[in-house]
Amino acid sequence: MLLNLFSVELWERFSFYGMQGILAYYMYYSVTQGGLGIDEGTALGIVGAYGGGVYLSTILGAWVADRLMGSERVLFYSAILIMAGHLSLALIPGTAGLAAGLILIGIGSGGLKANATSLVGTLYAKDDERRDAGFSIFYMGINIGGLIGPLITGWLQVTWGFHVGFAAAAVGMALGLLQYGLTRKNLPETAHRVANPLPKTQYAKVGILAAAAVVVIVLAVAFKLITAENLKWIIVTFVILAAIAYFAVILSNKSVTGVDRSRVYSFIPLFLASAVFWSLFQQQFTVIALYADKRLDRSILGWEVPASWVTSINPVFIIVLAGVFAAIWTKWGARQPGTPVKFSVSLVVMGLAYLAFIPFSGMAAVPMMAIVGILLLFTVAELMLSPVGLSLATKLAPAAFQTQMVALFFLSVSLGTAMSGVLAQWYDPANETPYFLAIGLVSIGFGVALFLAKKPIKKLMAGIM
């Protein structure tokens, strides 16, 4: 069944990263180039805010799974929403298609991501030492899709235009939906179970609250309280408040035992570390996307490589190295470093990756091999944190909050991704050194601080690695 979920996530990531690889360019390229002509800074902010919104919507997907439908059904219907979103981008011109597409994909991807990860967690016992290895293999499937998607959509965009590229993303999601529909019945019984069913007497109340939330958002947009320019800050603020509320709800729940509560407390510093990591890593779709378009020498034998293909460099390294990391964790078994140490190493490596940009500052055309080397460091950092964090969320989760704890991890990704759009406003291609130096040193500082705090965090984890 790991292969089944591996394949579903592969096609979902094909469509997601295929679309996201060309999204910023679609927004800031001129109308004559097939784009929408949006200001570069605003476009990068929207990309960050959208990415943050995707991971924020994992809360909704997780809640619906745990309280109403179960992970398996939420995953299926989320895939349908994603496909509809890509079709909107492909078929509806202008900002209307952009808005409809990003909303549908955002909600659908949030529902699919948290529940696919939760379903992988049902395949292993909490004390199974194969767990991190299984998540690393699952993560490799994510990145095969992440590799192929931008290559195909980027080539189609350059050759036939943006809308053909978006259509390819829709086809990829359709293939994933078909494959999952044919095999979903083979998942274990726990995948179909609703962990904490909502009493039917509460259905009307929840429906009214949902409708009210939609009305508030529509009115805020209509009265320009939410605009393209301030969207990134709104997402950041909302995610911070949501994270605080989420931790409070879990910790105050009467079904959560003392040991479970201690484990949730241990997740707080790891949540913050994850947010810092993703605020740097997700700049692949903001600052580094702009860097690839404006600063890189992408000529190979007289042919200019599409800028979006840079997005596929990281997945190549993931595919090569994910199995290596899985084998290392499996071989070391109980001797492998604990999660706080893995997270701290990830932050230090990520900081070094940003410092590695500095020698190329001011260079007229940065060679492609420079970004390849830097993204190799991105990959090492990612493998030390992302699949490990997904696995950790399922291990630390109280029984009644299994999927929602995964959503809480994705909330850290949401915060970091939205911050990648915020940070992008301070990037100046004409004076890059201060930006890369500050970000690199901050990440290294957080990594060192987390390493120094590893013992009290491990104690709170109460036997979880």
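A: The expected span of a helix is 1.5 Å times one less than its number of residues. The model examined here is predicted, and helix α10, residues 258–281, can be set against that rule. With 24 residues, α10 reaches 35 Å from its first C-alpha to its last, close to the 34 Å expected at 1.5 Å a residue. The helix also bends, by about 30 degrees, at P269.

Helix α8, residues 203–222, may be treated in the same manner. Its 20 residues should span 28 Å at 1.5 Å a residue, and because the C-alpha atoms at its ends are 29 Å apart, the two values agree. After α8 comes K224, which has a positive phi, near 60 degrees.

Searching the whole structure finds three cavities of 30 Å³ or more. The second largest cavity has a volume of about 40 Å³. Its lining consists of Y25, Q284, I288, A289, A292, A307, V310 and T311. Helix α11, residues 287–294, supplies three residues, the largest share of this lining. In terms of class, six of the lining residues are nonpolar and two are polar, while none is charged.

Terms used: Residues numbered from 1 in each chain as written. Predicted model: local features only at pLDDT ≥ 70, side-chain atom pairs only at ≥ 80, totals over all residues. Heavy atoms only, no water. Helix = DSSP H or I, 4+ residues; strand = E, 2+ residues; numbered from the N terminus. Bend = angle between axes of the 7 residues up to and from the residue. 1 Å grid on protein atoms, 1.4 Å probe; cavity = no way out; pocket = protein on both sides within 12 Å on 5 of 7 lines; lining within 4 Å. Points joined across faces, edges and corners; volume = space filled by probe spheres on them. Nonpolar A, V, L, I, M, F, W, Y, C, P; charged D, E, K, R; others polar.
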